[in-house]
Amino acid sequence: MAGKKRSFFRNLISSRELLLMLAIPVVYTLVNSYFPMVGVIIAFKDYNFTQGMFRSPWSGFKNFHYLFAMQDAWIITRNTLGYNLLFIALNAIVPVTLALLLNEIRGRMLKKIYQTSMLFPYFLSMVMVSYLVYALLSPDTGVINKEVLPLFGIHGVRWYNEPKYWPFLLPIINTWKNAGYTTVIYLAALAGINPEYYEAIASDGGGKWVQMRYISIPFLQPLIIILSVLAVGRIFNSDFGLFYQVPLQSGSLFPVTNVIDTYVYRALTQTNDIAMASAAGFYQSAVGFVLVLATNLVIRRINPERALL
Amino acid sequence: MKRRALNTVSPGAGAAIHVVFILCTLACVIPFLIVVGVSFTDERIVMRVGYRLIPRVFSLQAYKFLALDIQQIGRSYLISIIVTGVGTVVSLIMTALYAYPLFRKDFPYRRFFAVFLFITMVFNGGLVPFYILYTQYLHLKNSLIALILPYLLNPFYVIVMRTFLTGSIPDSLVESAKLDGAREITVLFRIVAPLALPAFATIGLFTTLMYWNDWFMSLLFISNRQNVSIQYYMLKTMQNIQFMLQNPSVAFKVNRSAMPSETVRMAMAVVGIGPIVVAYPFFQKYFIQGLTVGAIKG
């Protein structure tokens with residue numbers, strides 16, 4: 001017992017410099033991350049600003065009853081899951097295809113130009129993207145309404161007032177912005193394949209399709225699975241800017257653009273409905289927690305090095 | 001049948017691939033070129049024929065109009081530069097301070113602190129408690145600190161950094177420095193950090209981009225004019241458009257010249273996008289290198 005205690009103190013003293021180093025980031029993490037974790041209790045409270053987070057009276061599951069009694073809860077869940085599933089599928093198919101094609105280009109210069117330009121949208125903020133989208137979709141001056149659609153005899157589409165277009169527009173914009181980045185990741189993985197494999201198949205008369213089918217795609221498969229599974233873990237979280245700023249917060253588009261993140265933000269800052277905001281936020285955190293743990297278990301089975309712990 | 005020497009695709013397929021990528025390239029670049037084009041076009045032409053890639057009547061009108069607002073724009077730039085600069089430097093230091101002890105195999109509490117960090121990756125309190133913490137407890141509304149603080153430590157980067165250190169710094173190096181009587185902090189910043197430069201560069205690049213492009217924290221916490229960053233200023237400019245879209249009747253009643261004009265909006269986008277375009281060639285080179293080092297292995 002005494003020996004254990006002594007070794008505890010010896011450890012403490014021998015690593016005091018390292019502990020001191022950790023002090024700043026650890027205190028920061030306690031405040032910035034752990035305090036809000038405890039703060040989820042306000043979803044079970046009748047929150048008011050004067051009594052604050054800890055002294056406001058408890059209200060049990062009342063906030064959740066209200067939240068799930070509303071149609072909004074169903075709509076934001078459907079939108080969040082629906083778009084994210086679509087994004088995950090597109091973010092696997094499009095970049096893998098692009099990477100496989102790009103890998104066949106022999107001219108280094110052209111390859112570089114394609115890669116550089118496709119990565120460009122990834123560097124733009126969503127505010128910037130909203131400007132670019134507006135330049136295309138502005139009802140009175142946008143290129144689509146003024147230049148493209150008149151060729152087909154279509155005039156005056158009110159893009160920012162018609163919900164039916166956005167389930168297509170949002171996945172296109174999301175892919176446009178992110179595909180270049182993911183393509184670079186897959187391309188880097190493809191560069192790691194030993195060329196002798198390809199040559200072996202080629203000398204047996206195997207064409208490009210056979211090479212892709214039996215070498216490139218099987219080689220990329222674990223990476224595709226891991227990136228997709230990681231995305232599934234985040235399926236309850238959305239890219240706030242894409243759903244908030246790109247549709248210019250147009251109210252008539254809410255049925256197809258409102259996701260959990262935008263709902264929580266609006267309830268918190270625009271309608272000041274702390275009860276609804278905290279209930280929806282807790283719902284998001286709790287489901288997200290389960291999903292991240294579950295997907296982490298899956299990843300550990302595929303590739304332990306990729307697992308969080 | 002003659003087999004192609006270098007195992008390349010057929011000329012027809014090769015041409016088709018190039019067509020695909022030329023289209024992709026155009027799709028990624030053209031919206032930006034339209035914005036630039038419109039910003040140099042005469043306002044009346046834009047109102048009549050809409051946005052065009054190549055200005056029919058060249059004009060610097062929009063930029064002259066923006067020049068009147070030079071104080072606010074300059075200030076917003078300054079805010080963005082300060083937030084990005086301070087944020088990136090401090091977050092790199094924080095990341096190093098957390099990653100270094102985790103990398104030290106003789107540190108008895110590494111498992112505890114790894115789990116401590118891991119928990120923040122799987123569970124977060126969400127927006128509401130975070131917002132209440134920053135506004136009610138830390139009283140950071142309208143403070144620049146509220147734009148920097150939330151992103152100072154990304155657990156994922158700590159893991160990337162630790163993985164990099166484990167893979168590239170031999171234990172004997174740290175041990176010999178310790179035997180020479182060096183303090184841990186000296187070992188980290190004088191010996192380990194210079195060797196871990198690629199990891200610092202990659203993480204620094206991602207962090208810079210993140211701070212420069214962020215506007216969400218401004219949306220949450222900034223309501224005065226002084227601390228408006230360039231991204232947030234662009235968002236506010238855009239909001240005038242939304243106002244017109246949602247109230248079409250107002251748009252006609254209000255004097256058109258009083259509203260920000262179409263070309264000025266696009267000029268605003270050009271002014272905001274400028275640094276990204278200038279830094280892009282440099283950025284993307286290291287970015288791709290970083291991705292291939294960090295993301296694949298980490």
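Trainee: How many of the 12 residues of α7(A) are buried?
Mentor: Before I answer, note that this is a predicted model, where local features need pLDDT of at least 70, side-chain atom pairs count only at pLDDT 80 or more, and totals for chains, interfaces and linings use all residues. Residues are numbered from 1 along each chain as its sequence is written, while chains are lettered from A and ligands numbered from 1 in the order in which they are written. A residue is buried if 20 or more other C-beta atoms lie within 10 Å of its own, exposed if 12 or fewer and partly exposed in between, with C-beta atoms placed from the backbone. Helix α7(A) is largely enclosed by the rest of the structure, because the number of its 12 residues that are buried is 11.

Trainee: How far apart are the end C-alpha atoms of α7(A)?
Mentor: Helices are DSSP runs (H or I, at least four residues), strands are E runs of at least two, and both are numbered from the N terminus. The expected span of a helix is 1.5 Å times one less than its number of residues. For the 12 residues of α7(A) that rule gives 16 Å, and the end C-alpha atoms agree with it, being apart by 16 Å.

Trainee: At what angle do the axes of α7(A) and α1(B) cross?
Mentor: Two packed helices are described by the angle between their axes and the distance between the axes. Axes are lines fitted to C-alpha atoms, for helices over the stretch in contact, and angles run from 0 to 180 degrees between N-to-C directions. The axes of α7(A), residues 126–137, and α1(B) come within 9 Å, and they cross at roughly 75°.

Trainee: What is the orientation of α7(A) to α1(B) called?
Mentor: Angles under 35 degrees count as roughly parallel, over 145 as roughly antiparallel, 65 to 115 as roughly perpendicular and the rest as oblique. The crossing is at roughly 75°. That makes α7(A), relative to α1(B), roughly perpendicular.

Trainee: Which residues of α1(B) make the contact with α7(A)?
Mentor: Two residues are in contact if their C-beta atoms, placed from the backbone, lie within 7 Å. The α7(A) side brings Tyr131(A), Leu132(A), Ala135(A) and Leu136(A). From α1(B) come Pro31(B), Phe32(B), Ile34(B), Val35(B) and Val38(B).

Trainee: How many residues does chain B give to the contact with chain A?
Mentor: Chain A's side has 53 nonpolar, 22 polar and 7 charged residues; Ala, Val, Leu, Ile, Met, Phe, Trp, Tyr, Cys and Pro count as nonpolar, Asp, Glu, Lys and Arg as charged, and the others, Gly among them, as polar. Its largest share, 13 residues, comes from α2(A), residues 16–38. The contact takes 82 residues from chain A, and from chain B it takes 80.

Trainee: Which helix supplies the largest share of the side of domain 1 of chain B that touches domain 2?
Mentor: Chain B is divided into domain 1 (1–59) and domain 2 (70–297), with bounds from an automatic or database domain assignment. In their contact, 8 residues of domain 1 meet 7 residues of domain 2. The largest share of the domain 1 side, 4 residues, comes from α1(B).

Trainee: How many residues of α6(B) are buried?
Mentor: Helix α6(B) spans residues 127–137 and is mostly covered. Its buried residues pack against several helices, including α2 and α15 of chain A and α12 of chain B.

Trainee: Is His139(B) buried or exposed?
Mentor: His139(B) is found in the loop between α6 and α7 of chain B, and its phi is positive, near 50°. Most residues other than glycine have a negative phi. With 10 C-beta neighbours inside 10 Å, His139(B) counts as exposed.

Trainee: And Gln249(A), buried or exposed?
Mentor: Gln249(A) also has a positive phi, near 55°. Its place is in the loop between α12 and α13 of chain A. Because it has 21 C-beta neighbours inside 10 Å, Gln249(A) counts as buried.
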